[in-house]
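Please read it beside the sequence and the structure shown here.

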Amino acid sequence: MKIPLSWLRDFVDLDESVGELTGVLDDLGLVVEGVERVGEGLEDVVVARIDEVRAIEGADRVRLVTVDAGDGPLEIVCGAMNFAVGDHVPLAPVGAVLPGGFEIAERRMRGVTSHGMLCSARELRLSDDPVVVQPLLAALGITRDVVFDISIEGNRPDAWSVRGVARDLATRLGRALREPDLARPDETDETVTYAGAGIDDPDLCGRLTVSALRGVVVRPSPAHLARRLTMAGMRPISNVVDASNLVMLELGQPTHPYDAARVAGRTLRARRARAGETLTTLDGVERALAQPGRGLGDTGEDCVIVDGDDRVLGLGGIMGGAASEISPGTTDVLLEAAFFDPMSIARSSKRHALRSEASNRFERGVDPELALVAAARFVALLRESNPEVRWMAAPLDVAGVVPTAPTVTLREGDLERALGLAVSDDDVKRILEGLQFRVTGEGPWSITAPSARLDVRTGAAGRADVIEEIARLYGYSRLPRRTPTWPAPGALSDRQRVRRRLRDTVVDLGVHEAWTPTLGSDADFDLLVPGGARVRVTNPLAAEEAVLRSSMLVGLVRAWGKNAERGLGDVAMGEIGSVFVHPAVADEPRRTRGGAGATLALALPQENERLTVVLGREHDDARTAVATWCALATRLGIHDVVVRSRDDAAPGLHPTRTAELIERGTNRRVGYVGEVDARLVAALTTTSRRLGVLDVDLDVLFELTLDAELDQIVTVPGRYPVALVDLAFVVPQGVHAVDLAEVLMSASDLVEDVTLFDVYRASALAAGTRSLAYNVRFTSPEKTLSESDVARARETLIVAARALGAELRS
């Protein structure tokens, strides 16, 4: 936003240098992106009259021009061709210093001496008949000024105006803030006798004011107002339009003047646009209204201004229509000043790809109480060029839904805890009252935000907003700088440390780490459990992203399939991520602490961190998945987890080639190991390859790993030789191999290790049985075992196995 220094000085006394003011603005968070000095370096340029133009022999691109600058004729060599004898042009005489430090000196070209330099009068918009010898700045009506180009943050709607920036400066510097001159209605006839106003949809338009101006004469704005508008980056158009733009820049309240003769019934109403309506805006583009947009929650609602015949005149808060714009023949004006819902303006502006100075302010939040003040300032500015204009009494003011100013409580010590220093009560009150906050009470203070501060929130967040304003105006540079301290150096938590070790181990095993989407569709997860209960997103961006995943298996298999289609299927992929379980299918409800120490069970979704690995390399299957788990468990030091088959498969896993990972003693499930269901592979890929899978609950795995670290037992190798014995048992089908191995391990103190090496099924065995063969290591810490020692120990194991219905296979 460009703001001339002279405009700021209309509101507050500023004697500081440009550099000092730039520093103050930067410290206030109003960052100065650039500084432009208007009129500087043109003091030596004067106006001269062209008396003669002659060609120079041998030169076709320059001419010899004789000018009169008031002290006799001067010959100037000039290359410009856009002037004639009798024109008045700017002359930079010898010795003049132009912007950039360029000094004019005599120069000899083509045998002719040039005694200065001419500038184009048309390019500088010089008047038709300026006085010769008159300084150029006086001829153009230019006064020296400084223009600050300030970057205003989007969360500071109050600073999108000259008065808003001046208010911050006045508060920081401890000076009075002056208010601009305001006009008063000067007719006894009330506006309601001439015009009408209404709001059909108060949620879109919170306030609509309409002022009636009679006897308007459209003409150019006074030179000083036109220059001020130009320095602020806007083009002067006419006194009526310029007054509207000046009010917007000065106070932050956009207004819109309508030609009353072009408004049916001289009535303005705000309502929702209807499907099929169109509007040709002032930029000449015909726009379709009430068309749903692509943005989140954009249903296509446009707030429009209509006349007494319900004809659309303008896109509320963004741009008016061409049908009712001000023209040279306008004599009566209806001036609209309103408050529009910021989010509606933002969506409409984005949907129509139409941004204006008005929409920039409305979408950030305009002061709902400013409308009639802006109208009074508009009339005051218009009267500088149109003193005969009449403003009808009692402007129309229709109320809709506007935000209420929040009130927050600031307690003793809040500031010091947040800022690290104590700010005196006098400074706090001076700052807040300078920003037009209302402060009551004596510790704790009750602080009510001004209507212009729509960025201030309620509750604890609002308290933080108020403290931020105090710190900003007090000066961030005055806050003490401290190096944060802590009682212990930073380090990874146990969970982070184990997660990193887990990730490194998985990568070491040849698994590529993958990332798959957390959101999916019902169709995705119907492949696991058709119609199952799922955690849904209330406002999804797309229908295919409406469900939080309950398993990473779908995403990983699909990703593997995409790689396979591109000839990269010989790969294992794994992911550490979160899954979300609906409370209806969770193992147990989420628990939280209630009052008086009670524990409440709440039906909340459960977020669970898991590791899922899909093994898609050649020859990968359930056996490589088990081997992957064994390698992982060994690296993490976990020994109390066994692989047990189950009668039914987990969702998405093979019905017969899947097993559970179970913790010994507690029977707690750690995860699953096996193969992906062939039907899921066929649905998500174009191959029929068998895919191994490992799925582990990391909450359980972390706990097991930490327990293993605490319970580490170092086994010292025995001094005496070991004896190896193979035992094959015929066991019932329902007996797990791990359970039998545990029985054998605990049957004798001489057993050092038991390893399953063969599973045999055949018709020669009794129905419902199978053969399990184990390799048993016997040793003693005290002596070398004799054959009789080994025989007795072997017999002890055979007897112990019978407890599970196992008989030695002959």
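## Overall form

A residue is called buried when its relative accessible area is under 20%, exposed when over 50%, and partly exposed in between, with a 1.4 Å probe and protein chains only. By this criterion, buried residues make up 47% of the 810 residues in the protein. The model is a predicted one, in which local features need pLDDT of at least 70 and side-chain atom pairs count only at pLDDT 80 or more, while totals for chains, interfaces and linings use all residues. Residues are numbered from 1 along each chain as its sequence is written, and side-chain values use heavy atoms, with hydrogens and water left out.

The radius of gyration, taken over C-alpha atoms, is 42 Å, whereas a compact globule of 810 residues would have a value near 28 Å; the globule rule is 2.2 Å times the number of residues to the power 0.38. Along the principal axes, the C-alpha atoms fill a box of roughly 135 × 75 × 60 Å.

## Confidence

The mean pLDDT (the predictor's confidence in each residue, from 0 to 100) is 88, and 93% of the residues reach 70 or more. Over residues 121-128 the pLDDT is below 50, and this stretch has 20 contacts in the model beyond near neighbours in sequence, a contact meaning heavy atoms within 4.5 Å. Residues 589-602 also have pLDDT under 50, with 21 contacts beyond four places in sequence. Where pLDDT is low, the predicted coordinates should not be read in detail.

## The four-stranded sheet

The protein has 20 helices and 42 strands, which are DSSP runs numbered from the N terminus (helices H or I of at least four residues, strands E of at least two). Four of the strands form an open antiparallel sheet in the order E40-E41-E39-E42, where pairing requires that DSSP finds at least two bridges between two strands. Strands E40 (751-760) and E42 (807-808) stand at the edges with a single partner strand each, so one side of each is left without a neighbour in the sheet.

Strand E39 (residues 723-732) pairs with strand E41 (residues 769-778) over ten bridges in the antiparallel sense, and within this pairing Asp726 has Asn775 of E41 as its bridge partner. Helix H20 (residues 787-801) packs on the sheet, touching E39, E40, E41 and E42, and its direction makes about 20 degrees with that of E39. Helix H19 (residues 737-747) lies across E39, E40 and E41 and runs at about 150 degrees to E40. Such angles run from 0 to 180 degrees between N-to-C directions, with axes fitted to C-alpha atoms, for helices over the stretch in contact.

## A buried alanine

Which helix contains Ala374? Ala374 is found in helix H9 (residues 371-382), and it counts as buried because its relative accessibility is 0%. Leaving aside residues up to four places away in sequence, Ala374 touches Val247, Leu251, Gln253 and Thr255. The C-alpha atoms of Ala374 and Pro254 are separated by 8.2 Å, although these residues are 120 residues apart along the chain.
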